[in-house]
Each structure stands twice: as C-alpha cells, then as structure tokens.
Amino acid sequence: MILEHLKRKKYKAKKNIDIQPDMLIKCPECGNIILKSDLSKNFKTCPFCQYYFKMNARERLESILDSESFIEYFKEKKIRDPLHFPDYKEKQNKLRKDTGNDEAIICGIGKINSQKIVIAVMDTYFMMGSMGSTVGEKITKSIELSIKKNLPLIIFTASGGARMQEGMFSLMQMAKTSQAIAKHDKKGLLYISVMTDPTTGGVSASFANLGDIIIAEKGALIGFAGQRVIKQVTGTELPEGFQRAEFLLEHGLIDMIVKREKIRETLSNILIIHSKQTKGGR
C-alpha cells in the first residue's frame, strides 16, 4: 500500500529498499508520504508541496555551517528554577535527555564558506523554544563573544516567547538581550536575524527584531501577541495573512524572505559584502 502510494505520486524513492513504517512521515500540508531520509537531505522540505517541516537546532547548524567547523560555547550544566515552579526541573531534565541539548538554544562559533561567525540557534523541540533566564544568558554571552572576537553575529529564532515558568525573570531577558545588541551595534558589528516559524512573544519583541538585516523563512509566523488576543482586544477583523512573513515583508518590517535551501548562500553573500565594506572603510 505504501509503495503503491509513492509510485502513484511519482515519488523517487530508492529501488529495492525495504520500507518500514518508522522510515516514513506524512506531510501535514498535502498528506503525501515521504521517506524521512530523503526529507533530511532536502532541508526538511516536502518534495510535493514545499511545506517546511520544523528543524531542530542541530539540523539547522548542519544545513548552514561548513562541515565540522562548529565549536559550541556556553553549555549550561545548572538547571534554573527561580520560582520553584511545579515539575519544572523534572521537565527540563527530561528534555535534556530527549534532545541532547542543555536548553532551547545552541550557541557557538562556526564558519559559512570559511567566513567565521558567532551563531546562536533556537530550538522549538525544547519547551517550544521559550526564553527563560538561561536562554537569555546564552544569547547575551553570544553577543558579547561576537564583540570580543570582532565577528559577525547570526541568530536563528524559533520561539513561542517568554517562558511562563520563570515569570518576570523571563521577561527581564527582553531588556537584557536588547541592551547587549545595543552595545554590539555601537561597535559597528554585523548582526543578522533569521526568523523561522514561529518567532513570537518576548523574542519577537526584543533581539529578533533588532537585526541590521532581518531575514525570514516563507510562511513564518512572526508577531508579539496571538491573533485571537489582538482580535479580542481591538475588536477588529485582522487582514489575511496577518503576522506571516509575507505580510511583514510587504509592510517593510523585514528585509527579505529566503527559501530554506538558499539561506546558507544568502548569509555567505551578506558576510562577503559586509567584509569588503568593512575593509574599504578602514
């Protein structure tokens, strides 16, 4: 049945392969069945409808950086629970084991076409990429590392916003990261913000929207409050496509929308242009 479905859709799977159910995934957009191995090779993009499956932080780093160029920084051993929120520590411990990550962001230094950068990538598989005190601290340290090393900074955002289990401690990270970006800007260093789906809440209202160049993936949900909340508060009907990347581009809130498979190339070109301009200005 599965093989018949793949043939009917003219899906180019490898011949003579013993396909098992756990090797397949269904596209939530078009309903077609896809081999997971082929999906990984295609930037986790559906070959039928071009739907973007979510990438975890490690997958994102592998798709962007030169092979074996990444050195991770600021690995956090401590688990923070400032409000002693019920079961919060246990949940973080479980996610550390399940994802292999210490938090909802991975930070470090890597290279894109031999150009060295500081990079931080958020991960929605860890508490929806929410920003707690540890995430805020790691982002701030990454910004400071960029300043210290005199390197461009790239941050990939993917977040549901502030982490409710940390209350005001989480909201404080908005000011903390924004202040660090202000220092980064005074040094004249390049900061590229890449917004992926979703980039919402306190993340969108702080460092995500402070990039010198702001890039978004197609269809990415970007905004502060949810549409339902905005509609209830304002009592108005929202425009079609509101809070999607295409709507923001049309209204001048982001600089460009880039296809996932072209992001590495685009970032490389921006870094080259910036490097030439920097050298020319000295």
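The model is predicted, so local features need pLDDT of at least 70, side-chain atom pairs count only at pLDDT 80 or more, and totals for chains, interfaces and linings use all residues. Residues are numbered from 1 along each chain as its sequence is written, and side-chain values use heavy atoms, with hydrogens and water left out.

**Helix H5**

Select residues 133–149, which form helix H5; helices (H or I, at least four residues) and strands (E, at least two) are DSSP runs, numbered from the N terminus. H5 has 17 residues and spans 24 Å from its first C-alpha to its last, close to the expected 24 Å, a figure given by 1.5 Å times one less than the number of residues. Colour the buried residues next, among them Val135, Ile139, Ile143 and Leu145. Buried means under 20% relative accessible area, exposed over 50%, and partly exposed in between (1.4 Å probe, protein chains only). The buried residues of H5 pack against strands S3 (71–73), S4 (105–112), S5 (115–122) and S6 (153–159), and against helix H6 (167–186); contact means heavy atoms within 4.5 Å. Just after H5, select asparagine 150, which takes a positive phi of about 60°.

Select cysteine 27 and cysteine 49 together. Their sulfurs are 3.6 Å apart, too far for a bond. A disulfide is counted as a pair of cysteine sulfur atoms within 2.5 Å, and by this rule the count comes to 0 disulfides. Cysteine 27 is buried, at 1% relative accessibility, whereas cysteine 49 is partly exposed, at 29%.

**Glutamine 50**

Move to glutamine 50, in the loop between helix H2 (36–41) and helix H3 (57–64). Its relative accessible area is 35%, so glutamine 50 is partly exposed. Glutamine 50 touches Thr45 and Lys218, not counting residues up to four places away in sequence. Glutamine 50 and cysteine 27 are 23 residues apart in sequence and 9.8 Å apart in space, C-alpha to C-alpha.

**Arginine 96**

Finally, select arginine 96 in helix H4 (residues 88–99). Arginine 96 is buried and has no salt bridge; aspartate 102, the nearest side chain of opposite charge, is 4.9 Å away. Lys and Arg count as positive and Asp and Glu as negative, while His and the chain ends are not counted. A salt bridge places a side-chain nitrogen of Lys or Arg within 4 Å of a carboxyl oxygen of Asp or Glu. Show also the backbone oxygen of lysine 78, which lies 3.0 Å from a polar atom of the side chain of arginine 96. Beyond its neighbours within four places in sequence, arginine 96 is in contact with several residues, including Glu76, Ile79 and Phe126.

Methods:
A polar contact is a pair of N or O atoms within 3.5 Å; within protein, one must be able to donate a hydrogen and the other to accept it, and residues adjacent in sequence count only if both atoms are side-chain atoms.
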